[in-house]
Amino acid sequence: MSEQTETGALRLENVTKIFGQGSNQVRAVDDVSLTIQSGEFVTLLGPSGCGKTTTLRLIAGFEFPTSGRLLLDEKDIANVPPNLRPMAMVFQSYALFPHLNVFENVAYGLRLRKMSEAEIKEAVNIVLHMMNLVGLERRNPNQLSGGQQQRVALARAMVMKPKLLLFDEPLSNLDAKLRTQMRIEIRRLQQRMGITSVYVTHDQMEAMSLSDRVVVMNHGKIEQVGTPEEIYQRPATMFVADFIGRANFVETDVLALDGRLAIVDVYGQKVELACSPEIRVGQKAYAMIRPEAINLSSRTSDYMADVKTAVYLGNSVEYEVEIEQNLLKVVDYDPTPGVMFREGSFVSMTFDPERSYLLPK
């Protein structure tokens, strides 16, 4: 169990899933193509109804595609039933057997494979040790905390040594502190065992902290596939920019282009910004400025703004400032002790062009 020797490379080719008929048709997944490398951790992220859960169910075999191909290690599994797919899933509800203790819950799949008692005991003990469940073997699920139940569900999936490990919003029932701990554990175990993993969530923090790559979905389609850094700093669309984290959007004119840099007018000042490949000279565009890329000070500068709200949060201060009748969000993650701009004060504003990005309107 210390190493995963056989992992799965997954490829979705033009996968579409339609529910209903005629005028009641709904394209839950719309012509999705995606390649997941062996050993990679990929998260499907998006709002409710974006198609991420249906995509996971198609991969698991709980739904079959209307069209397109699903290839696991280059073998088409689109119409293979779920029990014949070399996969395991960790569910949101844990789905533990209430009448079986921890050991037997974890051993259940191995018993279906008719492994010997000695093999089962060895495999289960190893994974229980990995999941910090030693000493809880004889407890039933109702005697465990939520975090312990989630560890048992994860152990039951990992003991099967699947080619593909699927996660259906597994941490949504846990409190915030426990979710953070479980994210760290899941990532550590996945990297240690090298199991190809597909994770579904609507929680951006989960997606950013767990993933090698994030797939942002909207209305059944893929908006962007990239590393957490790429989708945050260089979003492909306005939807991604707005959905991932928080952002200010300042309407501007594109004055000139120099490769992937654009000269734009931001509140009367010429600024050079990295830009989307779709940007053209003369068009209207939006400068995406993250709240943490804006700095406020008492000095005079080209940009002066009114502080409309100021909220002290201990390790940060969140502001809303108004400039030329536009409200901008500002976050100071390293506030100087005793220095906080009050509501109604007039402040200087600067922003970091290297942490901003230009998107087509």
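Biologist: What percentage of the 361 residues in the chain do buried residues make up?

Modeller: Buried residues account for 49% of them. "Buried" here means under 20% relative accessible area, "exposed" means over 50%, and "partly exposed" is in between, with a 1.4 Å probe and protein chains only. Keep in mind that this is a predicted model, where local features need pLDDT of at least 70 and side-chain atom pairs count only at pLDDT 80 or more, while totals for chains, interfaces and linings use all residues. Residues are numbered from 1 along each chain as its sequence is written, and side-chain values use heavy atoms, leaving out hydrogens and water.

Biologist: What does the secondary structure come to?

Modeller: Helices (H or I, at least four residues) and strands (E, at least two) are DSSP runs, numbered from the N terminus. In this chain there are eight helices and 20 strands. The C-alpha atoms fill a box of roughly 75 × 50 × 40 Å along the principal axes.

Biologist: Which residues have the most contacts inside the largest nonpolar core?

Modeller: A nonpolar core is a set of buried Ala, Val, Leu, Ile, Met, Phe, Trp, Tyr and Cys residues joined through side-chain atoms within 4.5 Å. The largest one here holds 40 residues, and the most contacts inside it belong to Val106, Val124, Leu154, Met158, Leu165 and Phe167. At least two core residues come from each of strand 6 (87–90), helix 2 (102–112), helix 3 (117–130), helix 4 (146–158), strand 7 (164–168) and helix 5 (176–193). Another core, of 31 residues, lies apart from it and includes Val254, Tyr319, Leu328 and Val330.

Biologist: Which residues is Val124 in contact with, leaving aside its neighbours within four places in sequence?

Modeller: Contact means heavy atoms within 4.5 Å. With those neighbours set aside, Val124 touches Phe103, Val106, Ala107, Leu110 and Val159.

Biologist: Let's stay with helix 2. What do its buried residues pack against?

Modeller: They pack against helix 3 and helix 4. The buried set in helix 2 is Val102, Phe103, Asn105, Val106, Ala107, Gly109 and Leu110. Look at the ends too: at the start of helix 2, a side-chain oxygen of Asn101 comes within 3.2 Å of the backbone nitrogen of Phe103. After helix 2 comes Lys114, with a positive phi near 60°.

Biologist: On to charges. How many salt bridges does the rule count?

Modeller: A salt bridge is a side-chain nitrogen of Lys or Arg within 4 Å of a carboxyl oxygen of Asp or Glu. The count comes to 16. Take Arg11 and Glu74, whose closest N and O atoms are 2.4 Å apart. Arg11 sits in strand 1 (residues 10–19) and Glu74 in the loop between strand 4 (67–72) and strand 5 (75–76), so the pair ties together parts 63 residues apart in sequence. Arg11 is partly exposed at 21% relative accessibility, and Glu74 is exposed at 54%. A network of salt bridges links Arg11, Glu13, Arg69 and Glu74.

Biologist: Are Glu185 and Arg151 buried or exposed?

Modeller: Glu185 is buried, at 10% relative accessible area, and Arg151 is buried too, at 14%. Their salt bridge has its closest N and O atoms 2.7 Å apart. This pair links helix 5, which holds Glu185, to helix 4, which holds Arg151, across 34 residues.

Biologist: Which domains does the assignment give?

Modeller: Domain bounds come from an automatic or database domain assignment. Here that gives domain 1 (3–238) and domain 2 (246–360). Their centres, taken over C-alpha atoms, are 38 Å apart.

Biologist: What area do domain 1 and domain 2 bury between them?

Modeller: The size of an interface is often given as the accessible area lost when the parts come together. Buried area is what two parts lose on being put together, summed over both, with a 1.4 Å probe. Domain 1 and domain 2 bury about 780 Å², 57% of it on carbon and sulfur atoms. On the domain 1 side, Tyr232, Arg234 and Met238 lose the most area to domain 2, together 73% of what that side buries. Eight residues of domain 1 contact eleven of domain 2, and the salt-bridge count between the domains is zero.

Notes. A polar contact is a pair of N or O atoms within 3.5 Å; within protein, one must be able to donate a hydrogen and the other to accept it, and residues adjacent in sequence count only if both atoms are side-chain atoms.
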